[in-house]
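Take a look at the structure first, then read on.

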Amino acid sequence: MAILLQLLLSGVALGMIYAVIAFGYQSTFATSGTLNFGQGEALMLGAMVGLSMAGNVAGGPYINYWAMIPIVLIFGALQGAVVERIGVRPAIKTKSEFGWIMSTIALGIIFRNVAENVWGRDDMPFPSPLPTDPLHIFGASVLPMELLVVVGAIVMMVGVEIFNRRSIYGKAVVATSTDRDAAGLMGINTGLVITFSYALSSATAAFAGVLIAPITLTGASMGAVLGLKAFAVAIIGGLNSGLGVIVGGILLGVAETTTGFYISTGYKDVPGLILLLLVLSVKPAGLFGKSVIKKV
Amino acid sequence: MLEVKNLTAAYGQVSVLHGVSLKVEKGQLVTLIGSNGAGKTTTMRAISGMISPTGGEILLEGKSIGGLASHQISKLGVAHSPEGRRVFPTQSVKDNLLLGAFSRLTFGRERGDVEGDLDRALDLFPRLRERKDQLAGTLSGGEQQMLAMARALMLKPEVLLLDEPSMGLAPILVEEVFHIIKRLKQEGVTMLLVEQFAAAALGVADYGYVMENGRIAVEGPAAQLQNDPKVKEAYLGGGH
């Protein structure tokens, strides 16, 4: 029983990371119908930049973990804006259906190569800002950092939701997502909203990067698999459902930890992908995906 | 106030407007009528920047606005209640109205009394007041139409473009919409109205233009057009 609880808790922590990255996929898809396939690399860059400031590299640490987070968020936002301007905007302008797929993948590969040259190819430890002794909850042991992952992920998503509902700028983002032409008539600069959604998407990924780095290893290749799995989560949960990515993320996270323990760690990626295939064949819009009904 | 000179526009390779010229003076209600496919909606879309004109000039208070993006034109004071209403279905009625005032709330335009204007808009459309917190997607077609008009008014526009406000509405609601248009005119709102109910539109308008195949075929004071035998035969017959 304690073991199962242990697996569930670890699965939830992992799942919330997937959910945050998947949330980033959703934000650009909502406003522009495009996705940043370099999302995993945005996560990796966030972690590496965070490590350079708060880790034991290059003569550091220079500042502590908490002070580093806002800087990483700003860095992530700028990086996302660059991806949109260089890789996505030209494709949207020319109404190219697939141009953005190749250009965001290409930018992701470039970012990974740059990171390999700047920080090396080896994985590095990221110092934990919280005690590394596990807490014991009903016989299961949980790292304080894992709790921070869950809390941080929820705070991030709730924060964006409040922004969307309460502020006029957030309402403008939602309006752009539902009807870009009509949003333009309201005086909303929809091109800027799309840039903003890319900035937000990469900032959330960078945030996920510094959340997960202390419990995994940090290196130039850390993002690729996470980015891909989070994409699976976005598809499983539905590309337009906030609740969907949380449920999808937790499903995938728990499926991985339980399979890893009960069957074999060699198969831990399989159940998630089977889930993905199942969802695609049974409910292609995702478990919580919905199509908006428009009255004409 | 608003002047369109020799406007041409196209969808892809298909040219739709072949040199449209019209004028809306301050405080005037001008109507643009004509059969389906004559280019009325395209003219409106070109004015508000939803599409880029391929030629000609669009002047707002003497300043050229042709080819600007729709959000820039909106900030200059052109509000467009588009064909098909285009309300934001997943957001509340109140949020839709606040989005209409987006430029005022974000310093693109003089702010003024947004809360007061919201209240006045809800006075003008009492049905919307009852449904203030409901999602716009749950409104009936008529209510959505009123929301689209109220939302456009929230800009405090220099010119209000109304595209087919009566489309798809029950006769009693059509009457209500025209009643509101009359009231806006009394309040001095400058309007360009595209309508399929040509007789009703000419009944409230000061001046009218009749479009045919992407060109202005006839123009004149509304009262005169109402009695023009050619206009009567082509557009006012058939019980409209």
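What follows covers each chain in turn and then the place where they touch.

Keep in mind that this is a predicted model. For chain A, the mean pLDDT is 89, and 98% of the residues reach 70 or more.

Chain A has 11 helices and two strands. Chain B is built from 11 helices and 10 strands.

Here are the overall dimensions of the C-alpha traces, along the principal axes:

| Chain | Span of C-alpha atoms |
|---|---|
| chain A | about 55 × 50 × 35 Å |
| chain B | roughly 45 × 40 × 35 Å |

How does the radius of gyration of chain A sit against that of a compact globule? A compact globule of 296 residues would come out near 19 Å, and chain A has 19 Å, so the two agree. Chain B tells a similar story: with 240 residues the expectation is near 18 Å, and the chain has 17 Å, which agrees.

**Where they meet**

On the chain B side, 28 residues are in contact with 22 residues of chain A. Putting the two chains together buries about 2,200 Å², and carbon and sulfur atoms give 63% of that area. Within chain B, the residues that lose the most area to chain A are B:His71, B:Phe88 and B:Phe102, which together make up 25% of what that side buries.

Eight residue pairs are in polar contact between chain B and chain A, counting pairs with both residues at pLDDT 80 or more. The salt bridges between the chains number three. One of them joins the side chains of B:Asp95 and A:Lys171, at 2.9 Å from N to O.

Which elements of chain B give two or more residues to the side that touches chain A? They are α2 (70-75), α3 (93-100), α4 (102-105) and α7 (141-153). By residue type, that side of chain B divides into nine nonpolar, 14 polar and five charged.

How values were computed
Residues are numbered from 1 along each chain as its sequence is written. Chains are lettered from A and ligands numbered from 1 in the order in which they are written. Side-chain values use heavy atoms; hydrogens and water are left out. Contact means heavy atoms within 4.5 Å. Buried area is the accessible area (1.4 Å probe) that two parts lose on being put together, summed over both. A salt bridge is a side-chain nitrogen of Lys or Arg within 4 Å of a carboxyl oxygen of Asp or Glu. A polar contact is a pair of N or O atoms within 3.5 Å; within protein, one must be able to donate a hydrogen and the other to accept it, and residues adjacent in sequence count only if both atoms are side-chain atoms. Helices (H or I, at least four residues) and strands (E, at least two) are DSSP runs, numbered from the N terminus. Ala, Val, Leu, Ile, Met, Phe, Trp, Tyr, Cys and Pro count as nonpolar, Asp, Glu, Lys and Arg as charged, and the others, Gly among them, as polar. pLDDT is the predictor's confidence in each residue, from 0 to 100. The radius of gyration is taken over C-alpha atoms; the globule rule is 2.2 Å times the number of residues to the power 0.38.
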